[in-house]
Amino acid sequence: MNAAATPLLELRDVSTSFRVGGFFTPRLLKATQEVSFTLDRGEIVGVVGESGSGKSTIARLISRLVPTTGGAMLLDGDDVLVSEPRRASLAYRRRVQMIFQDPFGSLNPVHTVAHHIERPLLLHGKATKENARSAALELLDDVGLRPAEDFIDQHPHSLSGGQRQRVAIARALAPEPDIILADEPTSMLDVSIRMDVLRLLDDLRHKRGLAILFITHDLAAAKHLADRIVVMYAGRMMEEAPADQLVKEPAHPYSQLLMAAVPRRGGSLHDPLPADPGTPPLVDPRPGCPFAARCRQTVAACTTTTPPVIQLGPGHRVACHLHTARTQ
Amino acid sequence: MPEPLLRVENLDVAYLAADGPVRATSKVSFTLEDGEILGLVGESGSGKSTVAKAAMRVLGQPAVITGGSVRFRGREVLRMSDAELRQWRWRDVSMVMQSALNAMNPVMTVLDHVLDTLAAHGITGAAAKKRAGELLDLVEIDRHHLRSYPHELSGGMRQRVVLGIALALTPPLVFMDEPTTALDVVVERQIMRKLVALQAELGFAVLFITHDVSLLLEFATRIGVMYSGRLVEVAPTQLFRDGARHPYSKGLLGAIPRIDSDEAPVSIPGSPPSLKNPPPGCRFHPRCADALDVCETREPPLVQIGADHWAACHVLEVA
Ligand SMILES: Nc1ncnc2c1ncn2[C@@H]1O[C@H](COP(=O)(O)OP(=O)(O)OP(=O)(O)O)[C@@H](O)[C@H]1O
Ligand SMILES: Nc1ncnc2c1ncn2[C@@H]1O[C@H](COP(=O)(O)OP(=O)(O)OP(=O)(O)O)[C@@H](O)[C@H]1O
Ligand SMILES: [Mg+2]
Ligand SMILES: [Mg+2]
């Protein structure tokens with residue numbers, strides 16, 4: 001493989017489980033199973049899917065906050081699970097930054113906004129004591145907290161949800177990372193500011209080649225911003241496709257359900273959905289496809305064998321027996 | 001006319017910061033009728049959470065309610081004694097806070113949380129356990145998670161547990177501050193359907209704060225829009241969708257990314273004003289394409305511009 005073909009980040013069959021249940025009856029909850037995708041310089045990959053399907057877990061795996069139980073994770077072709085097995089190096093932690101899902105829990109209440117942003121600047125040598133404050137002000141301005149002077153000396157409790165979310169984004173940008181794992185970075189922003197923040201991320205990937213994993217429930221935003229979209233359900237990848245294609249021609253029945261549920265002009269809360277309600281068990285999952293119990297297009301294999309991930313077209317992969325049958 | 005369930009009038013709230021007061025809400029007025037869902041949208045930082053918290057009187061230091069009134073079935077909430085407040089909160093209202101993702105006690109299981117709330121209302125034993133299971137069903141979470149601790153739940157699952165707890169007793173008034181931000185559109189839709197069905201059956205009223213205008217259009221009775229501490233428009237949902245009049249409301253509708261269109265949404269130019277030094281006149285005028293001279297000097301009041309349709313904009317008054 002030549003250098004140009006080595007993706008910035010590659011996940012190969014990454015799995016993890018959590019021990020749950022009582023002390024005497026420990027059981028394994030399979031939070032992600034065999035997740036594989038790549039993320040390249042300047043690329044934005046959207047991750048969408050059911051609440052509880054393992055999206056945040058993927059981001060936490062890549063940040064090395066939770067251990068993997070299988071698979072490989074390659075940064076510039078180097079399997080970091082092998083080269084840095086116990087914990088990530090400082091260099092890795094600079095290169096890979098995370099924006100956490102919960103802006104109310106991810107900022108430390110005792111510290112000011114200035115502290116939150118200056119700390120990574122200093123830790124990773126991106127500013128000196130003398131210019132850290134002006135660098136922090138600039139970052140606040142970038143994320144639309146204007147005038148930045150109004151915000152820099154505040155404590156998190158005096159900020160609204162959306163303002164905290166933007167502080168978290170500024171903090172992640174501070175060490176000039178190569179990869180940002182953005183876990184629902186704009187869920188508490190009004191649509192106009194949301195557009196501004198997404199445009200900022202888009203700018204950074206074009207100008208600086210920043211790679212972004214964009215976890216979101218906002219499918220329209222994912223369509224407009226992401227190059228590719230990965231769809232998760234019950235810890236497994238159901239589909240991956242170029243963003244436009246996924247939205248216009250979703251191949252997996254779960255992706256179809258997801259698209260059908262997006263609020264549309266003139267739509268009603270009670271418009272029928274193309275699948276049954278239900279939640280998949282992650283502890284002792286049934287054999288076969290995790291979506292089978294809700295799917296209205298099942299074939300016999302769906303309840304017996306896990307569908308393999310197959311290639312449908314360029315950049316388009318799906319794990320569904322309907323398509324396995326068709327391509328054979 | 002009988003008194004509405006909730007009447008908020010000219011509500012002013014300020015946060016007393018070291019370097020001067022932040023006027024988080026100014027002269028906010030609205031009513032909420034029994035069985036109604038009032039959606040509240042608006043700029044991030046415009047005072048939506050502050051309005052809900054002030055109306056429930058859960059604002060702490062350094063916030064002060066500097067003016068206005070909040071009446072619940074005609075009774076002044078802002079003058080209730082501590083004992084009356086406790087009783088009122090116990091019987092008549094509940095709230096899902098915006099910080100729900102972070103609201104659970106890390107050493108208590110989901111079941112402990114639900115039982116706590118139920119016990120506070122005299123429901124204990126087998127009846128409480130049964131109700132706990134039903135509440136998890138309501139918010140689409142597998143019952144085995146009754147034994148889970150908060151860190152064992154995903155963001156959306158924590159949010160749903162808190163939502164379930166707020167619905168445990170279905171009082172006549174429920175405040176919900178961005179209760180579904182962490183949910184995928186399918187689960188969100190399933191839960192909203194149940195919520196609306198429950199609400200139709202039991203007749204409680206909801207103040208629903210969200211940034212998801214498209215979702216709101218599908219179930220709210222009326223929609224209110226806030227900008228920089230003011231309520232700038234209130235209208236019935238249909239009317240709002242087809243004929244929002246305030247320039248900020250129109251900008252907001254135009255900024256929604258659409259899944260069924262390739263056109264990029266248009267964000268509103270400029271940035272929201274500082275609450276410490278707000279611009280004179282209409283607070284939106286520096287960003288408004290339609291601004292008149294008067295907009296720079298005089299603050300427009302919220303006035304009726306049509307049947308059940310209110311807006312605060314000089315341009316609309318002139319027209
Ligand atoms: N520390 C943990 N211990 C046990 N189970 C966990 C832990 N962290 C996550 N889980 C479980 O793993 C699954 C995936 O969780 P994750 O947070 O990745 O979901 P998600 O896709 O981000 O969901 P959401 O959209 O609701 O945020 C969930 O079923 C959750 O209960
Ligand atoms: N304790 C505080 N001290 C000083 N200012 C505060 C305090 N709490 C809130 N504010 C300010 O009051 C304003 C209103 O905050 P609020 O939380 O009500 O906004 P919001 O409309 O709910 O925003 P969001 O949509 O982002 O949640 C914000 O600009 C915020 O910075
Ligand atoms: Mg998550
Ligand atoms: Mg808020």
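**View 1. Ligand 2 and its polar contacts.** A polar side-chain atom of A:Gln163 lies 2.8 Å from an oxygen atom of ligand 2, in a model that is predicted. On the side of chain B, a polar side-chain atom of B:Thr50 is placed 2.4 Å from an oxygen atom of ligand 2, and a polar backbone atom of B:Gly47 is found 2.9 Å from an oxygen atom of the ligand. A polar contact here is a pair of N or O atoms within 3.5 Å; within protein, one must be able to donate a hydrogen and the other to accept it, and residues adjacent in sequence count only if both atoms are side-chain atoms. Of the 640 Å² of accessible area that ligand 2 has on its own, the protein covers 93%, with areas taken from the Shrake-Rupley method with a 1.4 Å probe, where for residues only the protein chains shown count as cover.

**View 2. The shell around ligand 2.** Ligand 2 lies between chains A and B and is surrounded by 21 residues, the closest being A:Ser160, B:Ser44, B:Gly45, B:Ser49 and B:Thr50; a residue is near a molecule or strand if one of its heavy atoms lies within 4 Å of it. Helix α7 (161-173) of chain A and helix α1 of chain B each supply at least two residues of this shell. Helices (H or I, at least four residues) and strands (E, at least two) are DSSP runs, numbered from the N terminus.

View 3. B:Ser49 belongs to helix α1 (residues 48-56) of chain B, whereas B:Gln98 sits in the loop between β6 (93-96) and α3 (110-120) of chain B, so that the pair links distant parts of the chain, 49 residues apart. B:Ser49 counts as buried because its relative accessibility is 17%, and B:Gln98 counts as buried at 9%; buried means under 20% relative accessible area, exposed over 50%, and partly exposed in between (1.4 Å probe, protein chains only).

**View 4. Aromatic pairs.** Eight aromatic pairs are counted over all chains, where rings of Phe, Tyr and Trp (its six-membered ring) pair if their centres lie within 6.5 Å, and planes under 30 degrees apart count as stacked, over 60 as edge-to-face and the rest as tilted. A:Tyr254 and A:Phe291 form an edge-to-face pair, with 5.5 Å from centre to centre and 70° between the planes. A:Tyr254 lies in helix α11 (residues 253-261) of chain A and A:Phe291 in the loop between α11 and β11 (310-313), 37 residues apart; both residues are buried. In chain B, the ring centres of B:Tyr227 and B:Phe284 are 5.0 Å apart and their planes stand at 85°, so this pair is edge-to-face.

**View 5. An open sheet in chain B.** Four strands are arranged in the order β2-β1-β4-β5 with antiparallel pairing; strands pair if DSSP finds at least two bridges between them. Because β2 (20-32) and β5 (75-76) of chain B each have a single partner strand, one side of each is left without a neighbour in the sheet.

**Conventions.** Residues are numbered from 1 along each chain as its sequence is written, while chains are lettered from A and ligands numbered from 1 in the order in which they are written. Local features need pLDDT of at least 70, side-chain atom pairs count only at pLDDT 80 or more, and totals for chains, interfaces and linings use all residues, while side-chain values use heavy atoms, with hydrogens and water left out.
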